[in-house]
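This briefing is meant to be read beside the sequence and the coordinates. Please keep both in view while going through the points below.

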Amino acid sequence: MIINASDYSRNATDDIKPVKAASIYTVAILPVTLFMGLIGLLVTAATGNSDPVVVFSTTMGSKVLTIVTLLFIAFAQVTTNVLNNIVPPAYVLMESFKMKWTHATILVGVLSACVMPWKLVTDESAAGLNLFTQFYSAFLGPIFAVMAVDYFILRKKKLDINDMYDKQGCFKGINWAAVIAIIIGSLCSLLVMQLSWYVSLIPTGVAYYVLMKVMPSSKNFCKGTIFEK
C-alpha cells in the first residue's frame, strides 16, 4: 500500500492535501483488505481448507447460492487486482515506451495472461511460489528503506518535483549510493528469508545515509538534502 500510494496520489487535484489523500487511500483499501483476510482466516480455521473456492463449492447445499458466491469471488479478484496491480506496470510502460494509457493497460493484461498465473496457485507450484515471494520481498524492503530515509531524514519531507523530473537536471544519472544500499539490504534479507522485509530496513537505511554523506558520486543527488553544500 505504501509503495503504490504515489501511483494514485499523482492524479489528485491541488485542493486534496497529503493528509487527506493518505486518509482517503487508507480508508478505501485497508479495512476491506483486513476484513477479507479475517474472513479467509476464519474459514480456514473452521474448515481446515485455505482455498475459498473449494470450501464454498463443497460445503454449500444450494447450487444457486454456490454459483452466486463463486461469481462474487471471481468478481472480487478481478476488480481488486485490476485496481492494485495494473496501474504501476501501466505507468512503467507509459514512461519507458511513451505509450498511451489505453495501450499500456491492454498490454499489461495480455502479458499477465501470458505468464499463466493460474499455474502458480496449484499444489505443485506452492513451494516454488512461496520461495519466489520471499525472494523478491528481499528487494522491496531495501527499496522502501531508501525512499523513507531519503524523504524523511535527508530531505526533511521537502521535494522539488521540477528537479526530480528534469532528465537533464542535477539528478541525471544513477545514484550509486542508493543502488549499493539496496544491494547491502537485500543481502541481509537473504540471510533470513522469512523476515526479509523487516531485516533489511535498518541496514539499508544506515548504509544509504552513510553513502550519501561520503560518496563523491552522490554529490549531485545531495541537492535539497541535509548534506547539500
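Helices (H or I, at least four residues) and strands (E, at least two) are taken as DSSP runs and are numbered from the N terminus. On that basis S218 is found in the segment after α10 (196-214), and the protein as a whole has 10 helices and zero strands. This is a predicted model, in which local features need pLDDT of at least 70 and side-chain atom pairs count only at pLDDT 80 or more, whereas totals for chains, interfaces and linings use all residues. Residues are numbered from 1 along each chain as its sequence is written, and side-chain values use heavy atoms, with hydrogens and water left out.

**Overall form**

- Read along the sequence, the pattern of the protein is α-α-α-α-α-α-α-α-α-α, and the C-alpha trace spans about 70 × 40 × 35 Å along its principal axes.
- The accessible surface, computed by the Shrake-Rupley method with a 1.4 Å probe and, for residues, with only the protein chains shown counting as cover, comes to about 16,000 Å², of which 71% belongs to carbon and sulfur atoms.
- A residue is called buried under 20% relative accessible area, exposed over 50%, and partly exposed in between (1.4 Å probe, protein chains only); buried residues make up 22% of the 229 residues.
- With contact meaning heavy atoms within 4.5 Å, 61% of the contacts between residues at least 6 apart in sequence join residues at least 24 apart.

**Nonpolar cores**

- A nonpolar core is a set of buried Ala, Val, Leu, Ile, Met, Phe, Trp, Tyr and Cys residues joined through side-chain atoms within 4.5 Å.
- The largest such core has 15 residues, of which V146, L154, A177, A181, Y208, M212 and F227 touch the most other members; α7 (126-154), α9 and α10 each supply at least two residues of this core, and the largest share, four residues, comes from α10.
- A second, separate core of seven residues includes I86, V87, L93 and V108.
- In helix α5 (residues 87-97), the residues V87, P88, A90, Y91 and L93 are buried.
- As a general background, nonpolar side chains in soluble globular proteins tend to be buried together.

**Contacts of V146 and A178**

- Not counting residues up to four places away in sequence, V146 touches A178, A181, I182, T204 and Y208.
- A178 lies in helix α9 and counts as buried because its relative accessible area is 13%; leaving aside neighbours within four places in sequence, A178 is in contact with V146 and Y208.
- The C-alpha atoms of A178 and L159, which are 19 residues apart in sequence, lie 17 Å apart in space.

- A pocket is an open set of points, on a 1 Å grid over the protein atoms alone, where a 1.4 Å probe fits and protein lies on both sides within 12 Å along at least five of seven lines, and its lining residues have an atom within 4 Å of a point.
- The second largest pocket has a volume of about 260 Å³, where grid points are joined across faces, edges and corners and a volume is the space filled by probe spheres set on the points.
- This pocket is lined by C170, M212, K213, M215, P216, K219, N220, C222, K223, F227, E228 and K229.
- With Ala, Val, Leu, Ile, Met, Phe, Trp, Tyr, Cys and Pro counted as nonpolar, Asp, Glu, Lys and Arg as charged, and the others, Gly among them, as polar, the lining divides into six nonpolar, one polar and five charged residues.
- S218 is buried, since its relative accessible area is 0%, and, leaving aside neighbours within four places in sequence, S218 is in contact with N175, A177, L211 and M212.

**Backbone angles in the loops**

- Most residues other than glycine have a negative phi.
- K156 has a positive phi of about 55° although it is not a glycine, and its place is in the loop between α7 and α8 (161-164); K156 counts as exposed because its relative accessibility is 51%.
- K157, which lies in the loop between α7 and α8, has a positive phi of about 65° and counts as exposed at 54% relative accessibility.
- Just after α5, K98 takes a positive phi of about 55°.
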